[in-house]
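Please keep both in view while going through the sections.

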Amino acid sequence: MEAPLYPEFPPDPATPHGGQPAYWVGPRHLAGDDGRLYDVVADALAGLGWTSLTIIRGRQEPDEALEDRQVLRSTVLHISPDALRWAQWGLPDEPFYLGDLPIAWQISARPDTSSSLASWTAYFTTGVPGETVVDFLVALDDRDQPAVVYRGPDPVLDAVAAHGWLRDIDQPHVGATDPTFTSHISLGEVPPLIQDADPRILTTEPDEVGLDGWQAWAEPAIGTPCLWAASFSSSVPDDLVAAFAASLSSTAPVLRRVLPEVTRERLLRAPAS
């Protein structure tokens with residue numbers, strides 16, 4: 001792997017004429033989503049046997065051609081074979097935001113099919129490396145009881161520490177950051193509108209501290225917009241967050257054709273042959 005001194009990429013003879021060259025890049029947490037966040041995750045879910053449904057809501061006037069119908073909302077929903085877990089791609093809709101970035105994937109689980117409400121929800125914005133969402137989903141798919149909560153921050157922080165991340169010096173049991181202090185994972189109060197079935201959410205007063213959940217984000221420079229963000233509601237099992245954290249902090253390079261402008265010069269990269 002090499003760290004180029006200049007922004008221009010060397011020619012890649014394996015790339016078809018007119019195509020974008022492919023590179024193995026790292027670190028993963030700064031590599032972006034390659035503009036393929038939906039495809040990477042959807043392909044993995046198809047491989048796990050999840051069913052996909054496209055939900056379209058719109059308005060069609062009488063005698064209006066189908067192609068002229070005004071689509072107001074369109075989402076793609078992926079459902080596990082046991083119907084206890086699902087992943088929703090909502091970026092084409094009117095998304096809500098996390099860290100000023102649109103949320104692309106929402107992943108949820110419930111204890112049994114008699115419950116119509118999700119026990120917990122995890123949110124991933126654009127820019128999150130698709131590999132990390134896939135690893136989170138694979139861990140979720142492997143779980144016999146997706147809504148049973150196993151609490152304890154150690155697995156999450158141990159996962160990133162094993163890959164060289166540094167625990168927060170003031171709060172070593174609730175947070176860690178990568179060695180360049182660009183990407184972070186922290187256990188703290190969840191942002192507004194994060195959905196969770198814990199009934200204590202309904203009893204929290206406006207002036208009280210809410211429930212804790214894991215948050216992760218990449219901020220290339222202090223005061224600049226985030227590259228990506230992820231939020232886990234308070235009831236997301238910590239072993240699932242640990243799977244995401246281990247993937248996020250992994251030192252294994254990832255294949256990319258499209259690099260984020262804000263982190264381009266921080267990435268190590270080598271042509272993929």
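## Basis of the model

This is a predicted model, in which local features need pLDDT of at least 70 and side-chain atom pairs count only at pLDDT 80 or more, while totals for chains, interfaces and linings use all residues. Residues are numbered from 1 along each chain as its sequence is written, and side-chain values use heavy atoms, with hydrogens and water left out.

## The chain as a whole

The chain contains five helices and 14 strands, where helices (H or I, at least four residues) and strands (E, at least two) are DSSP runs numbered from the N terminus. Of its 273 residues, 44% count as buried; buried means under 20% relative accessible area, exposed over 50%, and partly exposed in between, with a 1.4 Å probe and protein chains only.

The accessible surface comes to about 14200 Å², and 55% of this belongs to carbon and sulfur atoms; such areas come from the Shrake-Rupley method with a 1.4 Å probe, and for residues only the protein chains shown count as cover. Among the contacts (heavy atoms within 4.5 Å) with a separation of 6 or more, 65% are between residues 24 or more positions apart.

## Salt bridges

The structure holds five salt bridges, each defined as a side-chain nitrogen of Lys or Arg within 4 Å of a carboxyl oxygen of Asp or Glu. One of them joins R256 to E131, with the closest N and O atoms 2.9 Å apart. Because R256 lies in strand 13 (residues 254–256) and E131 in helix 2 (residues 130–142), this pair ties together parts that are 125 residues apart in sequence. R256 is buried, at 3% relative accessibility, whereas E131 is partly exposed at 22%.

A salt bridge also links the side chains of D158 and R167, at 2.6 Å from N to O; D158 is partly exposed, with a relative accessible area of 42%, and R167 is partly exposed at 30%. In the salt bridge between R264 and E261 the N to O distance is 3.3 Å, and here R264 counts as buried at 19% relative accessibility, while E261 counts as exposed at 63%.

## Two buried residues

V241, in helix 5 (residues 238–248), is buried at 0% relative accessibility. Leaving aside residues up to four places away in sequence, V241 touches F136, V156, I185, W214, F232 and V236. Its C-alpha is 8.5 Å from that of P155, although V241 and P155 are 86 residues apart in sequence.

H29 sits in the loop between strand 1 (23–26) and helix 1 (37–47), and is buried with a relative accessible area of 4%.

Strand 8 (166–167), strand 9 (175–177) and strand 10 (183–189) each supply at least two residues of the lining. The lining divides into seven nonpolar, five polar and two charged residues, where Ala, Val, Leu, Ile, Met, Phe, Trp, Tyr, Cys and Pro count as nonpolar, Asp, Glu, Lys and Arg as charged, and the others, Gly among them, as polar.
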